[in-house]
2 protein chains.
Amino acid sequence: MQALPGFRDFLPSDCAARNYIFAKWREVARRYGFVEWEGPVLEPTELYKKKSGDEIVGQLFNFTDKGQREVALRPELTPSLARVVAAHEREFKKPLKWFSIGQFFRYEKQQRGRLREHFQLNCDIVGETALAADIELVSLCIDIVRAFGFTERDFVVRISDREFWTDFLRSQEIASERWDEILQTIDKLGREPREKTSEKLGQLAEPVLRILSKGGKSEKLDRLVDGLRACGLANFVDVDVRIVRGLAYYTGIVFEVFDRAGKFRAIAGGGRYDNLIEQLSDGSASQPALGFAMGDVVLGELIGETATAGEAMEKATAVEQKINIYIVIAKEERRADALGQIQQLRDRGYRVDYPLTPGKVARQFQTAEDLGASIALLYGDEWPQVKVKTLATREETLVANEELLAHLQAHLSL
Amino acid sequence: MQALPGFRDFLPSDCAARNYIFAKWREVARRYGFVEWEGPVLEPTELYKKKSGDEIVGQLFNFTDKGQREVALRPELTPSLARVVAAHEREFKKPLKWFSIGQFFRYEKQQRGRLREHFQLNCDIVGETALAADIELVSLCIDIVRAFGFTERDFVVRISDREFWTDFLRSQEIASERWDEILQTIDKLGREPREKTSEKLGQLAEPVLRILSKGGKSEKLDRLVDGLRACGLANFVDVDVRIVRGLAYYTGIVFEVFDRAGKFRAIAGGGRYDNLIEQLSDGSASQPALGFAMGDVVLGELIGETATAGEAMEKATAVEQKINIYIVIAKEERRADALGQIQQLRDRGYRVDYPLTPGKVARQFQTAEDLGASIALLYGDEWPQVKVKTLATREETLVANEELLAHLQAHLSL
């Protein structure tokens, strides 16, 4: 029996790597004053149809439950956020700065960097139209990636503005019904042959390509970059109006994070979605909002392929999996005494392990090394003294059992 | 639109309480040398049928996926553990001491303390037959509950032994095919009228009731309690052979944790299941094992109703949701300077927030208080000095902006 295709088992080393990513996400989001929340992993399918239309259902893990409800394993968090914000709109002072770490699902063919489940960090600011919120959100996104040891040589945030294009389309007197289709075509530039793009854009091909060859810019994008410059983060961003993001609900600044070498899919992406909460709540709440999501799979691959980031993770996860103290029971008569001491040590916060069955002393010391202990305590002939061995230096000293706690607290900091 | 029945939204205060529970679970499990792992939330339905028979399907969130696979949202972790242990049997030194924190699902009518989803800690020891492993597991379970501030006056671990009863049934020459049914009847004692129990037990009623009136005991249970006594934990346990646990796969020591007042469902439960891994892996792996699970719902209710535990949680979760420093921007010309400083402070690990739009200074100070900041920094007329205000004491001091980091690092510990 195996796990289902596209689903992962997290063995201890995988789980430690996952926890390392979660801890960094959480730590940096909190530094930015974001507070954590979480929605259900199962939601009414309707919630996703409402946002993305019926065609989304093809990519969902959805089913009919035993109460005849149409339900889906969540593919993303934003619809749940809109639901929760609408339900509790008056309870919280705006702007909300909320983050969430959870698992998401899609029924798709597996590809590199895309499984059927993944974990995702979502960070959203709700209730603020000012560009300062966009600056805050992009800064957070940059600092989260930086926290893993990446520098501006490793990654870049490509920033664009949907309004740059909607202003252009308005100036060209293009009917708004056609905007989505044109934005999708611009989004696909570089992934489609130039001729195909030109054909799709028709009379717009020439002005669009002229903009792209010059590099588009706008006063709003300049102000955004100025804000990031004030934070010392301007080197991490490129204005790139080719970024449109496929999803129709974005209304303003949008951004995507890529590795500089261009080897991976996007590490994160997001933007402003000022109309979505109103639309999803059937008008019961109306709040401007913006947010981004970052998955664990591409990020994990990039960490694995980058020396500094990979070493930082390995070091942190190795420490997480280590114990502090191993108890060697050289004489079974001492087991009860050892158990009493183990309880005391664990109560003080030390990570302590010991053999559950009698075994050779040399083998017990080997286990102490295998488990990454700093210190081994030997309960044997020296009783009521205990032999304290520092495993790195092989230094040994005898300490009375009743003075052991004080001795260790003085010599072994956690 | 609402969440599905039996599913929870975790608003920030709920999420902080959940994280508090997870952190205690994780911390104590690690003190015991347990390492964390995790399985998928979706598994083949077959995995659960194999362990619990076809009748389990009635309680599952199960469905047919788009690839025509019969799948289920996991109701418990043990089958996934058996699958993973069987697949990686030779990679890890035994005994394994593994824990996991994750979400589980069941399609049931909601009741107090029972939703359709809950989070659960699972702790298992794999590969050890010695009673020392049972002692270690029960100790861990006790210490986890203790970590929330509960004492022996608040909870008790009721311990029993399946072998106590199977030895008895063997001595009465009862055919082993009838054992499960008789154990189920004993499990229901106290929840069913005495006459009904007697009728079901037939000729066994008299000896069974005699055992129960005397209080059953055995040499193995005595040794278990002796081990817990060596750890100083004997006051937390009662030997109570009425505990059988409904699940047929237990083979030895079983235990359940209850609040002393008897107001709640079991807080945790577990035991030894020496044959299950072999059975679930179709004989490809054979490992003795034991484990327990503790859910977040009953535990959370008990914390909420117990003064000391509730206060400890409130204190910890309040701190988690607080920022350290709020930046008051009294003059918009200073926003860029403030942004530069905010970035420096966040880089040092401080939790920092600031107004995204211009606002009255008094209102900004109010926000600083609302967000739980210790210190407010005012960027205004004093520039290039910054006013540093300690919010608890209302003390104010002027510090040059470029000396601010050093000043705060000396005065505001994290």
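**Helices, sheets and the chain pair**

Reader: Let's start with helix α7 (residues 194-201) of chain A: what is the count of buried residues among its 8 residues?

Author: This is a predicted model, where local features need pLDDT of at least 70, side-chain atom pairs count only at pLDDT 80 or more, and totals for chains, interfaces and linings use all residues. Residues are numbered from 1 along each chain as its sequence is written, while chains are lettered from A and ligands numbered from 1 in the order in which they are written. A residue is buried if 20 or more other C-beta atoms, placed from the backbone, lie within 10 Å of its own, exposed if 12 or fewer, and partly exposed in between; helices (H or I, at least four residues) and strands (E, at least two) are DSSP runs numbered from the N terminus. Helix α7 of chain A is hardly covered, with a buried count of 0.

Reader: And A:Thr197: buried, exposed or partly exposed?

Author: A:Thr197 sits in helix α7 of chain A. Around A:Thr197 there are 18 other C-beta atoms within 10 Å, so the class is partly exposed.

Reader: Which residues is A:Thr197 in contact with, leaving aside its neighbours within four places in sequence?

Author: Contact here means C-beta atoms, placed from the backbone, that lie within 7 Å. The C-alpha atoms of A:Thr197 and A:Ile182, 15 residues apart along the chain, are separated by 9.8 Å. Beyond the sequence neighbours, the contacts of A:Thr197 are A:Thr185, A:Leu189 and A:Glu192.

Reader: Which residue takes a positive phi just after α7(A)?

Author: We're now stepping off the end of α7(A). The phi there is about 60°, and the residue taking it is A:Gly202.

Reader: How far apart do the C-alpha centres of domain 1 of chain A and domain 2 of chain A lie?

Author: The bounds come from an automatic or database domain assignment. That assignment divides chain A into domain 1 (12-316) and domain 2 (323-411). Between the two C-alpha centres the distance is 51 Å.

Reader: What is the order of the open sheet of 5 strands in chain A?

Author: Strands count as paired if DSSP finds at least two bridges between them. The edges belong to β13 (352-353) and β16 (395-400) of chain A, each with a single partner strand, so one side of each has no neighbour in the sheet. Pairing is mixed, and the order is β13-β12-β14-β15-β16.

Reader: At what angle to β12(A) does helix α13 (residues 335-347) of chain A run?

Author: Start with the sheet under it: strands β12 (residues 325-329) and β14 (residues 375-379) of chain A pair in the parallel sense over 5 bridges, with A:Ile327 opposite A:Leu377 in β14(A). Helix α14 (residues 361-370) of chain A packs on this sheet too, touching β12 and β14 at about 170° to β12(A). Axes are lines fitted to C-alpha atoms, for helices over the stretch in contact, and angles run from 0 to 180 degrees between N-to-C directions. Helix α13 lies across β12, β13 and β14 of chain A, and its angle to β12(A) is about 170°.

Reader: Over to chain B: how many bridges join strand β6 (residues 117-126) to β11(B)?

Author: Strand β11 (residues 289-295) of chain B has 6 of its 7 residues buried, so the rest of the structure largely encloses it. On one flank, β10 (residues 268-272) of chain B runs antiparallel to β11(B) over 5 bridges, with B:Gly270 partnering B:Phe292 and B:Arg272 partnering B:Leu290. B:Asn122 stands opposite B:Ala293 in β11(B). The pairing of β6 with β11(B) is antiparallel as well, and its bridges number 7.

Reader: In what sense do β7(B) and β8(B) pair?

Author: Strand β7 (residues 155-161) of chain B is largely enclosed, because 6 of its 7 residues are buried. With β9(B) it makes 7 antiparallel bridges, including B:Ile159 to B:Phe255. Towards β8(B), B:Val157 stands opposite B:Val237. The 3 bridges between β7(B) and β8(B) are parallel.

Reader: Last one: which residue of chain A has the C-alpha nearest the axis?

Author: Superposing by least squares on the C-alpha atoms of residues with pLDDT of at least 70 in both copies, chain A can be laid on chain B with an RMSD of 0.1 Å by a turn of 180° and a shift of 0.0 Å along the axis. That is the relation of a two-fold axis. At 3.3 Å from the axis, the nearest C-alpha in chain A is that of A:Phe63.

Notes
Contact = placed C-beta atoms within 7 Å.
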